[in-house]
Amino acid sequence: MSPYDLLTDIHVLEEELLDFERKYGVRSETFYAAYMSGEEPDDDAWVLDFGEWASVYRTWLERQAEYRNAIQQIQHRKVSLSGLIRVAA
């Protein structure tokens with residue numbers, strides 16, 4: 001994926017994360033840490049949301065890392081910010 005495509009994906013995922021954060025009143029990083037430590041939802045109706053939320057957060061983390069790597073590779077070639085914008089778009 002190009003840096004632009006990665007950034008677009010990151011923004012879409014962030015919107016999904018914000019929806020969950022607004023619904024449950026908890027930041028995604030806090031939720032994910034609790035979820036990964038094995039905490040179960042108090043309400044059975046939350047089970048599907050929690051699974052999806054965790055999946056979206058994992059994908060968001062992966063895209064963030066992919067974006068950083070892509071940008072670092074471009075910057076390694078000594079590309080200026082203007083050049084980076086042209087390459088990323």
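These exercises work through the pockets of a predicted model and some residues around them. Local features need pLDDT of at least 70, side-chain atom pairs count only at pLDDT 80 or more, and totals for chains, interfaces and linings use all residues. Residues are numbered from 1 along each chain as its sequence is written, and side-chain values use heavy atoms, with hydrogens and water left out.

**Exercise 1. Describe the largest pocket: its volume, its lining and the classes of its lining residues.**

Step 1. Begin with the term: on a 1 Å grid over the protein atoms alone, a pocket is an open set of points where a 1.4 Å probe fits, with protein on both sides within 12 Å along at least five of seven lines. Lining residues have an atom within 4 Å of a point. Points are joined across faces, edges and corners, and the volume is the space filled by probe spheres set on them.

Step 2. The volume of the largest pocket is about 240 Å³.

Step 3. Its lining has 13 residues, and those nearest the centre are Val-26, Phe-31, Ala-34, Glu-39 and Phe-50. Helices H2 (28–36) and H3 (47–76) each give two or more residues to this lining, and H2 gives the most, four residues. Helices here are DSSP runs (H or I, at least four residues), numbered from the N terminus.

Step 4. Sort the lining by class: nine residues are nonpolar, one is polar and three are charged. Ala, Val, Leu, Ile, Met, Phe, Trp, Tyr, Cys and Pro count as nonpolar, Asp, Glu, Lys and Arg as charged, and the others, Gly among them, as polar.

**Exercise 2. Which helix supplies the largest share of the lining of the second largest pocket?**

Step 1. The second largest pocket holds about 160 Å³. Among its lining residues are Glu-14, Glu-21, Arg-27, Ser-28 and Trp-60.

Step 2. H1 (3–24), H2 and H3 each supply at least two residues of this lining. The largest share, four residues, comes from H1.

Step 3. By class, the lining divides into four nonpolar, one polar and four charged residues.

**Exercise 3. Is Ser-28 buried or exposed, and what does its side chain join?**

Step 1. Ser-28 lies in H2. Ser-28 counts as buried because its relative accessibility is 2%; buried means under 20% relative accessible area, with a 1.4 Å probe and protein chains only.

Step 2. The side chains of Ser-28 and Glu-21 are joined by a polar contact of 2.7 Å. A polar contact is a pair of N or O atoms within 3.5 Å; within protein, one must be able to donate a hydrogen and the other to accept it, and residues adjacent in sequence count only if both atoms are side-chain atoms.

Step 3. Follow Glu-21, which is in H1. Its side chain also makes a polar contact of 3.1 Å with that of Arg-27. Glu-21 has 12% relative accessibility and therefore counts as buried.

**Exercise 4. Where do the buried residues of H2 fall around its axis?**

Step 1. Ser-28, Phe-31 and Tyr-32 are buried in H2.

Step 2. Seen down the axis of H2, they fall within an arc of 95 degrees, so they line one face of the helix. The arc is that of the directions from the helix axis to the C-beta atoms.

Step 3. H1 and H3 are included in what covers these residues, where contact means heavy atoms within 4.5 Å.

Key: Buried means under 20% relative accessible area, exposed over 50%, partly exposed in between (1.4 Å probe, protein chains only).
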